Amino acid sequence: MGRHAHASGDELLTDWRTDRLGAARRGDNPLVMAKLNSGYAVFGDTQHLPGYCVLLSDVDGADHLTDLTRTQRADFLADMGLLGEAVFAACNGFDPAFRRLNYEILGNSLHHLHAHIHPRYSWEAREFRDAPVWRYPNEVRFAEEHDTLVSPKAEEYDQLREAITAELARLA
């Protein structure tokens, strides 16, 4: 079993998902891969598109990109690009069907500045492949089979996470 098998799902799900930034700062978020200049590179809780990552801003009170100073904004966008470069390299070696990355800054449901990095694959159904990731139904995106911590594929996801983490270290 993967590195997550020693803990029950309830133990891992109780605290860190309710305060992702606080958990990252405390070292309690098990999916943090690296601390970057502007925030935390985090492997996604769901891996319906393997390699999905998030960049969490480390600026208190930042909800919008425009809440940052220009210097902070430049750092955040540079870190988003750095994380994307690491995800691109890792996914390219992970699955030959890897096609590209989608980058998004939304903030509609989590009101703290963060950016999504979504790998896209040629094996995706056309109705989803050529559309925003959010077109996938929630029951697909958040299915237990794609949950990073409890999925039967947890070890496979760990390998991809480790590859992205190694790329981040190499690029930094």
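These legends describe close-up views of a predicted model. Residues are numbered from 1 along each chain as its sequence is written, and side-chain values use heavy atoms, with hydrogens and water left out. Because the model is predicted, local features need pLDDT of at least 70, side-chain atom pairs count only at pLDDT 80 or more, and totals for chains, interfaces and linings use all residues.

**View 1. Helix H3 packs against helix H6.** H3 covers residues 70–94, and H6 covers residues 154–171. Helices (H or I, at least four residues) and strands (E, at least two) are DSSP runs, numbered from the N terminus. The two helices pack at an angle of about 135 degrees, and their axes lie 8 Å apart. Axes are lines fitted to C-alpha atoms, for helices over the stretch in contact, and angles run from 0 to 180 degrees between N-to-C directions. H3 and H6 are therefore oblique to each other. Angles under 35 degrees count as roughly parallel, over 145 as roughly antiparallel, 65 to 115 as roughly perpendicular and the rest as oblique. The crossing of H3 past H6 is right-handed. A crossing is left-handed if the near helix is turned anticlockwise from the far one by less than a right angle, and right-handed if clockwise.

**View 2. Residues of H3 meet residues of H6.** On the H3 side, the contact includes Leu82, Leu83, Glu85, Val87 and Phe94. On the H6 side, Glu156, Leu160, Ile164 and Leu171 are among them. Contact means heavy atoms within 4.5 Å. The contact residues divide into 13 nonpolar, no polar and three charged. Ala, Val, Leu, Ile, Met, Phe, Trp, Tyr, Cys and Pro count as nonpolar, Asp, Glu, Lys and Arg as charged, and the others, Gly among them, as polar.

**View 3. Helix H3 has buried residues that pack against strands and H6.** H3 has 25 residues. From first C-alpha to last it reaches 36 Å, close to the 36 Å expected at 1.5 Å a residue. The expected span is 1.5 Å times one less than the number of residues. Buried residues of H3 include Phe76, Asp79, Met80, Gly84 and Cys91. Buried means under 20% relative accessible area, exposed over 50%, partly exposed in between (1.4 Å probe, protein chains only). The buried residues of H3 pack against E1, E2, E3, strand E4 (98–104), strand E5 (114–121) and H6.

**View 4. Arg161 sits in helix H6.** The 18 residues of H6 should span 26 Å at 1.5 Å a residue, and its end C-alpha atoms are 25 Å apart, which agrees. Ala154, Tyr157 and Asp158 are among the buried residues of H6. The buried residues pack against strand E1 (32–35), strand E2 (39–43), strand E3 (53–57) and H3. Arg161 counts as buried, at 12% relative accessibility. Arg161 and Gly44 are 117 residues apart in sequence, and 9.3 Å apart in space, C-alpha to C-alpha.

**View 5. Glu145 lies in the loop between helix H5 (138–141) and H6.** Glu145 is partly exposed, at 47% relative accessibility. Leaving aside neighbours within four places in sequence, Glu145 contacts Ser151, Pro152, Lys153 and Tyr157. Gln47 is 98 residues from Glu145 in sequence and 8.7 Å away in space, C-alpha to C-alpha.

**View 6. His111 occupies the loop between E4 and E5.** His111 counts as exposed, at 55% relative accessibility. The C-alpha atoms of His111 and Asp60 are separated by 11 Å. Along the chain, these two are 51 residues apart.
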